[in-house]
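Here's a quick briefing for anyone opening this model for the first time. Have a look, then read on.

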Amino acid sequence: MTEKVKNVIKPKRSFMDWMIENALIMVIILMVIYTAYSANNFLSFHNLKNILANVSVRFIIALGISGPLITRGTDLSAGRIVGITAVVTAVFLQRPDASSGIMYPAIAGSPIIVALLAALAVGLFFGCINGLVISKLYVPPFIATLGTQIAIYGLNMVLSKNAPIGSLNQNFTKFGALGFRVGEIQIPYLTFIALAMGIFMYILYRYTVYGKQMYAIGGNELAAEVSGVNTSRSKLTIYCLAGLLYALAGFLLTAKTGSAAVTAGTGYELEAIAAATIGGVSTAGGVGSVTGILIGVLVFELLKTCLQFLGITPEMTNVFQGIVIVAAVALDIRKTMRKK
């Protein structure tokens, strides 16, 4: 009898509701079709390679930010952690035989693995700071990560001396620029690393205690605590893992661009939040998947690429991106309210 009542009360999801909730994706798909028709080079192999390289870095950042979002938090420091780890990578990998502009001669010319470990250590440190402030001091994630965002930017200005860092290890920059060829198509090496991280996070989220506790906290933190979940430790672990993923993204970003500067990673956290939300990660917590995040990142990157090929100015591109971010969150809130 109870099941029959529930079935009667449960609202049916109409086609119109589905269209509204997926409006952003539909609009961007139409934009891709129009751009492909009107811009000759949009469907070129070179453009496909660039899209894959950009998606690879941003997918890793979105994976990092998904954990905080699923637990009803956020991470506004993501872009700045990407930036400072990109600079750390660059200062370790500057060629010691470069004609000028060696930032830190004592560590320039370090092995690539040393630069990677240094970047990961920095990312882990700041992720741990975020996690401790949120889980132990009970500072709201928005305020905690806003504070670290500002502090990290200041530290990065000091570290980089407000100057671009170039003349990097050539093997490192070749790795970031090249890829595996399949006929005329070149799949960037960065894409394989991003896919590996996606598979790792998929397993972590779906089949481990870590994932179950993360979703439990996002669904109802109080109920998770009552059921025996150490929410404080789980949040700390989530933000530490996020820091490591941002660091890996910063390392790969430096390989892709061949240089680093204090502005590296600026605004990436907002793009990641928007992409994750488009991909189904709910700001209300407890919902989100790795495959959805990948779709969201791809859709958001296609939006930016389409605007570029359509001749939209950078200023107006920022306007459109801002509108998409607001629309993505508004549609997510609508989905949440319909479920209640």
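**A first look**

Val 182 sits in strand E1; strands (E, at least two residues) and helices (H or I, at least four) are DSSP runs, numbered from the N terminus. This is a predicted model, where local features need pLDDT of at least 70, side-chain atom pairs count only at pLDDT 80 or more, and totals for chains, interfaces and linings use all residues. Residues are numbered from 1 along each chain as its sequence is written, and side-chain values use heavy atoms, leaving out hydrogens and water.

**Annotated spans**

- An unreviewed UniProt entry places "transmembrane region" at several spans, including 102-126 and 187-205; such annotations may be inferred rather than shown by experiment.
- Residues 102-126 are 60% helix and 0% strand, with end C-alpha atoms 26 Å apart.
- For residues 187-205, the figures are 89% helix and 11% strand, with the end C-alpha atoms 27 Å apart.

**The second largest pocket**

- A pocket here is an open set of points on a 1 Å grid over the protein atoms alone, where a 1.4 Å probe fits, with protein on both sides within 12 Å along at least five of seven lines; lining residues have an atom within 4 Å of a point.
- Its lining has 15 residues, and Leu 76, Leu 270, Glu 271, Ile 273 and Ile 325 lie nearest the centre of the second largest pocket.
- Helices H13 (268-278) and H15 (314-339) each supply at least two lining residues, and H15 gives the most, with four.
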